[in-house]
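Let's take a walk through this structure together. Have a look around before we start.

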Amino acid sequence: MASLQSAQPQFMTSSANRSLSNEPLIDNIEYNQIVVPDKKSWKNFFSYMGPGFLVCIAYIDPGNFQTDLQAGAQYKYGLLWIILLASFAALLIQSLAANLGVVTGKHLAEHCRKEYPRVPNFVLWVLAEVAIVACDIPEVIGTAFALNMLFKIPLWCGVLITGFSTLVLLLLQQYGVRKLEIFIAFLVFTIVGCFCVELGYAKPKSSEVLEGLFVPKLKGTGATKLAISLLGAMVMPHNLFLHSALVLSRKIPRSLNGIKEACTFYLIESGIALIVAFIINVCVISVSGAVCNSPNLSEEYQESCSDLDLNKASFLLKNVLGNWSSKLFAIALLASGQSSTITGTYAGQYVMQGFLDLRLRPWIRNMITRCLAIVPSLIVSIIGGSAGAGDLIIIASMILSFELPFALVPLLKFTSSKTKMGLHANSKIISAITWIIGLLIMGINIYYLAEKLVTSLKNSDLKMVGKVFCGILGFTGLLVYLGSIAYLVIRENKERTHLLALTAVDGSSNGNEPSLPREDIRSMQLPEKRSTSDVE
């Protein structure tokens, strides 16, 4: 084994930049990067800590809080099992995204560009960008709600303020990736602390909470809608692109044992981060369920619970549990919204670079996504107020759920392919479980779409001709949706990825593949100090 490892190339060469092909990965650049020691030790785990907490932010953003609050208010603890199922699915899926980046040295968006023809690749890019905007809308509205709760700032003013708030936080990039990871982790545990205190105020019955976690049930169309929203808010498509790129911020030993260790430690690290996110989501649903289903609740508060949003939740908590409860909720919401915007900005940067080979400065990328999210948020907040803004969050979460297959299917295909992953390809058991999860999500989406279309047509005031025309359009769109997913599922992978795992076996090397991490990715890594020459 020692001879095999010594014979294997330590990094991949690049035809585009052959002058760097035989140089160490990091020695010739001026970026700070976390280097994992080339020795087997449990202490290496601390070098891998960080990306999981940046990724877990997407599972505790304001979109999650909104759907969690409504789930608890309307169905008490009956939808907690969705959170449990989604958390297990998220851990498995996120670990696959990390493995793809670690093994191949390319993130998911880049694999899509290499694998698919121009038109499908462009469509996938558009869908990924729509998903990022859909994710950004709850963050904008959630931060605006938090500012209103804490400082009485009007909702529409808060929406405008959030358009620039992230630019301040992006200044953290000059202090290196570790400082940002520590800051995000601090925000995460701030949210944990706030909701644990909320849980102590609300005092839900533990037996009912456990029943909700382990006894699956869906009562009515409204429960199905909320279940889809919970899934969309928990398993986000842009997170798959983000995680597969974040792991490139570590220089890992390029050997069989080094890659295996990296995959294992990233799995553990992601598990810890997602357990924290799971606890937060359970706390939000439990607090909402306990408060809104209390037998002593007045009619006024019962009416608020029937259409609960982030703003009403603050008012409800203040009057039922006390003023401190409302302030803690606002602080948690503000921390959630601001941390989510940072990770969303970098996810958009990686998506654009991967699909189009186009890169923008983080602040420019942030302004683009912010403007796209602010316009609908501002219009709705002015016209519809807090109720309209709350409905927009639910719609955005559902869009994320519907778009998930267009990121999930390529990920499952790539990580199950031996031509891309070699010895690290998914086992048959992992492949079966992940495909079942994907089919379950797609099945729920298709059921809801078809059911919603039929119900809307039945209750519509249109004439028969109009109903027939709308029905044809609706079912045509559904067929296009199914056909697009089928194309991704059935199409065979054609692009072969050079693998260090394979070179350890047969000693072969492909000189057309880039070094890891590549020059075009280094300058984007989250976030790095730049030299003067780089800026110029």
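How many cavities of 30 Å³ or more does the structure hold? There are eight of them. A cavity here is a set of points on a 1 Å grid over the protein atoms alone where a 1.4 Å probe fits but cannot get out; grid points are joined across faces, edges and corners, and a volume is the space filled by probe spheres set on the points.

Keep in mind that this is a predicted model, in which local features need pLDDT of at least 70, side-chain atom pairs count only at pLDDT 80 or more, and totals for chains, interfaces and linings use all residues. Residues are numbered from 1 along each chain as its sequence is written, and side-chain values use heavy atoms, leaving out hydrogens and water.

Now for the second largest cavity, with a volume of about 50 Å³. Its lining (residues with an atom within 4 Å of a point) includes Leu124, Pro237, Phe355 and Glu403. Helix α7 (118–151) gives the largest share, four residues, while α12 (237–246) and α19 (405–415) each supply at least two. Helices are DSSP runs of H or I, at least four residues long, numbered from the N terminus.

Next, find α21 (residues 428–458) and α22 (residues 464–490), whose axes come within 10 Å and cross at roughly 170°. Axes are lines fitted to C-alpha atoms over the stretch in contact, with angles from 0 to 180 degrees between N-to-C directions. The two helices are therefore roughly antiparallel, a label for angles over 145 degrees.

Finally, the mean pLDDT of the chain, the predictor's confidence in each residue from 0 to 100, is 77. Over residues 1–32 the pLDDT is below 50.

Notes: Angles under 35 degrees count as roughly parallel, over 145 as roughly antiparallel, 65 to 115 as roughly perpendicular and the rest as oblique. Contact means heavy atoms within 4.5 Å. On a 1 Å grid over the protein atoms alone, a cavity is a set of points where a 1.4 Å probe fits but cannot get out, and a pocket is an open set with protein on both sides within 12 Å along at least five of seven lines; lining residues have an atom within 4 Å of a point.
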